[in-house]
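Subject: Structure handover

Hello,

The structure is below, followed by what was found in it. Please read the notes with the coordinates open.

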Amino acid sequence: MFKAVQIMASTSSSYALSNRLIKPPPPPLAPFLLSSSRTRSSSSPRPPHPPTTHNIARRFLILRMCSTRSDPHSHVASHSNVAAPDLGNPRKINFCQWCGGATKHEVPDGEEKMRAICTLCGRIAYQNPKMVVGCLIEHENKILLCKRKIQPSYGLWTLPAGYLEIGESAVQGAMRETQEEAGAEVDVLSPFAHLDIPLIGQAYVIFLAKLKKPQFSPGPESIECRLFSLEDIPFDSLAFSSMLVTLKLYIEDMKAGRLRFHYGAINKRSGTSPSDIHAYTLDDHLQS
């Protein structure tokens with residue numbers, strides 16, 4: 001990447017280039033938060049400077065650092081008392097993701113929260129939660145689970161789930177993630193749970209589904225896929241609190257003889273270990 005920057009900025013002075021290489025700008029967005037923008041209307045922003053090789057090199061660095069896709073389940077490593085308060089912190093956004101300009105941090109007119117505002121183009125970076133979608137797959141009174149082949153929670157069990165992509169519906173995303181992680185084709189039956197995790201800026205939408213045919217196989221992110229009877233679900237080896245809550249709600253509904261739709265907010269109990277998926281409260285629990 002440095003070589004690419006040197007080529008692109010070859011007409012700049014050696015002093016300016018060396019400063020960029022020593023202090024590359026940090027990524028403008030937290031790794032698992034979406035961002036939207038609007039141009040600030042309270043003042044007329046300065047017109048953007050004409051592009052130079054120096055600015056192009058800076059934008060190239062920013063785009064490269066923002067290109068890596070994060071794991072939706074990275075919240076296991078983000079529940080520590082140190083890391084969590086940084087999520088959604090606008091002061092972590094020091095450069096504009098659209099033009100590469102430096103940002104200032106203040107409360108825009110008519111708003112209540114501090115935002116990162118570009119000093120060149122005037123756009124405001126809004127950090128929004130990400131949606132994770134997945135399937136709870138029923139087959140012959142059993143549930144399909146995948147053993148993770150990636151970190152975090154390598155070797156632990158989860159429902160097939162992942163980030164919703166731009167251009168697809170929640171149902172389409174859940175079916176795609178199931179195909180990718182479990183090699184299974186499913187028919188989605190109904191939504192089952194919407195679980196918010198405010199601490200890490202994620203919203204889970206889990207659908208009830210059934211296998212179109214009794215065939216599945218682990219994808220690149222899975223070690224193994226297996227059907228579990230309800231009494232054999234490995235609750236001591238589940239990967240995430242979101243999966244634990246979903247499966248517990250399902251079992252409660254099955255015992256009651258009626259499947260419901262559930263909403264709730266998963267909050268980590270203060271002072272507990274980040275790796276303890278049982279240390280949570282399910283708040284604002286609603287069911288249809």
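Helices here are DSSP runs of H or I with at least four residues, numbered from the N terminus. Keep in mind that this is a predicted model.

Helix α5 covers residues 241–256. Its 16 residues reach 23 Å from the first C-alpha to the last, close to the 22 Å expected at 1.5 Å a residue. Just after α5, Gly257 takes a positive phi of about 80°. Buried residues in α5 include Met243, Leu244, Leu247, Tyr250 and Ile251.

Tyr250 also takes part in an aromatic pair, so the ring contacts come next.

The count of aromatic pairs comes to 2. In one of them, the rings of Trp157 and Phe228 have centres 5.0 Å apart and planes at 85°; planes over 60 degrees apart count as edge-to-face, so this pair is edge-to-face. Trp157 is in strand β7 (residues 157–158) and Phe228 in strand β11 (residues 222–229), 71 residues apart, so the pair links distant parts of the chain. Both Trp157 and Phe228 are buried.

The rings of Phe192 and Tyr250 have their centres 6.1 Å apart and their planes at 75°, which makes this pair edge-to-face as well. Because Phe192 lies in strand β9 (residues 186–197) and Tyr250 in helix α5, the pair ties together parts 58 residues apart in sequence. Phe192 is buried, at a relative accessible area of 0%, and Tyr250 counts as buried at 3%.

Regards

Notes:
Residues are numbered from 1 along each chain as its sequence is written. This is a predicted model: local features need pLDDT of at least 70, side-chain atom pairs count only at pLDDT 80 or more; totals for chains, interfaces and linings use all residues. Side-chain values use heavy atoms; hydrogens and water are left out. Helices (H or I, at least four residues) and strands (E, at least two) are DSSP runs, numbered from the N terminus. The expected span of a helix is 1.5 Å times one less than its number of residues. Buried means under 20% relative accessible area, exposed over 50%, partly exposed in between (1.4 Å probe, protein chains only). Rings of Phe, Tyr and Trp (its six-membered ring) pair if their centres lie within 6.5 Å; planes under 30 degrees apart count as stacked, over 60 as edge-to-face and the rest as tilted.
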